[in-house]
Amino acid sequence: MIESMPRLETNNSRVISRDSHEEHVIFMNIANQYAKFSKCQSKRVGCVIVKDRVIISTGCNGTPAGAINCCDIFEASKMSDPEYRKLHHEFSNSMECHAEQNAIAKAARFGNPINGAVFYVSMKPCEQCLKLIANLNVKQIYYSSEYDKFIEYSPEVNKMISQLGIQITKINIPDPVI
Ligand SMILES: [Zn+2]
Ligand SMILES: [Zn+2]
């Protein structure tokens, strides 16, 4: 009987240890792939929220579910025009949620507690998202790309980050989605 049982895999080199760099790269890649669901014609951002190695929520930037989408109004090919970009910026500010905000909202909708989870975001979180994430008792945030016009966090925000013991780590991955 024992001979007919499948052999257990004993090659430890195949096992990814918890908190290993490889684990973070895997979830970072998933966040980047998830960005492809975004209907924003300017930037595509993906967010994956992970707890105990389980993905408990995902989000991409965009309008609330059921509302008109960025791609229904704007064209990506025209975004190089500063006036057009300005119009999109106004629309985006009032209508589009960031990937982190949508992932948090989705977790709330389905009743998944985020307390103490790990965030993987394809783009570095803005200050608005950062203070929201900080209020979820999240201590680890990973990202792969900087926003092209990203302004450094203010001294107050940097102080909050260190006071709360939040670690924000960049992970370089090949072919990031933007
Ligand atoms: Zn947009
Ligand atoms: Zn944000």
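This is a predicted model: local features need pLDDT of at least 70, side-chain atom pairs count only at pLDDT 80 or more; totals for chains, interfaces and linings use all residues.

**Terms and their grounds**

Reader: What makes Asn137 partly exposed?
Author: Asn137 has 13 other C-beta atoms within 10 Å. A residue is buried if 20 or more other C-beta atoms lie within 10 Å of its own, exposed if 12 or fewer, and partly exposed in between, with C-beta atoms placed from the backbone. Asn137 is therefore partly exposed. Asn137 lies in the loop between H5 and S4, and has a positive phi of about 60° although it is not a glycine.

Reader: Why is Asn135 called exposed?
Author: Asn135 has 11 other C-beta atoms within 10 Å, and is therefore exposed. Asn135 is found in the loop between helix H5 (127-134) and strand S4 (140-145); helices (H or I, at least four residues) and strands (E, at least two) are DSSP runs, numbered from the N terminus. Between Asn135 and Leu164 there are 9.6 Å in space, C-alpha to C-alpha, and 29 residues in sequence.

Reader: Is Arg53 buried or exposed, and what is noted about its phi?
Author: With 12 other C-beta atoms within 10 Å, Arg53 is exposed. Arg53 has a positive phi of about 65° although it is not a glycine. Most residues other than glycine have a negative phi. Arg53 is found in the loop between S1 and strand S2 (54-60).

Reader: How do you know that helix H6 lies largely in the open?
Author: Of the 9 residues of H6 (residues 155-163), the number buried is 0, so H6 lies largely in the open. Just after H6, Gly165 takes a positive phi of about 70°.

Reader: Why are H4 and H5 called roughly parallel?
Author: Helix H4 (residues 99-109) and H5 pack at an angle of about 30°, with their axes 9 Å apart. Axes are lines fitted to C-alpha atoms, for helices over the stretch in contact, and angles run from 0 to 180 degrees between N-to-C directions. Angles under 35 degrees count as roughly parallel, over 145 as roughly antiparallel, 65 to 115 as roughly perpendicular and the rest as oblique. H4 is therefore roughly parallel to H5.

Reader: Which residues of H4 and H5 meet?
Author: Glu100, Gln101 and Ile104 in H4 meet Cys129, Leu132 and Ile133 in H5, where contact requires C-beta atoms, placed from the backbone, within 7 Å.

Reader: What makes S2 and S5 edge strands?
Author: The open sheet of 5 strands has the order S2-S1-S3-S4-S5, with mixed pairing. S2 and strand S5 (167-170) each have a single partner strand, so one side of each is left without a neighbour in the sheet. Two strands pair if DSSP finds at least two bridges between them.

Reader: How many bridges join S1 to S3?
Author: S1 and S3 run antiparallel and are joined by 4 bridges. Val48 stands opposite Tyr120 in S3. Tyr120 also touches residues beyond four places away in sequence, including Phe27, Met28 and Tyr142.

Methods
Residues are numbered from 1 along each chain as its sequence is written. Chains are lettered from A and ligands numbered from 1 in the order in which they are written. Two residues are in contact if their C-beta atoms, placed from the backbone, lie within 7 Å.
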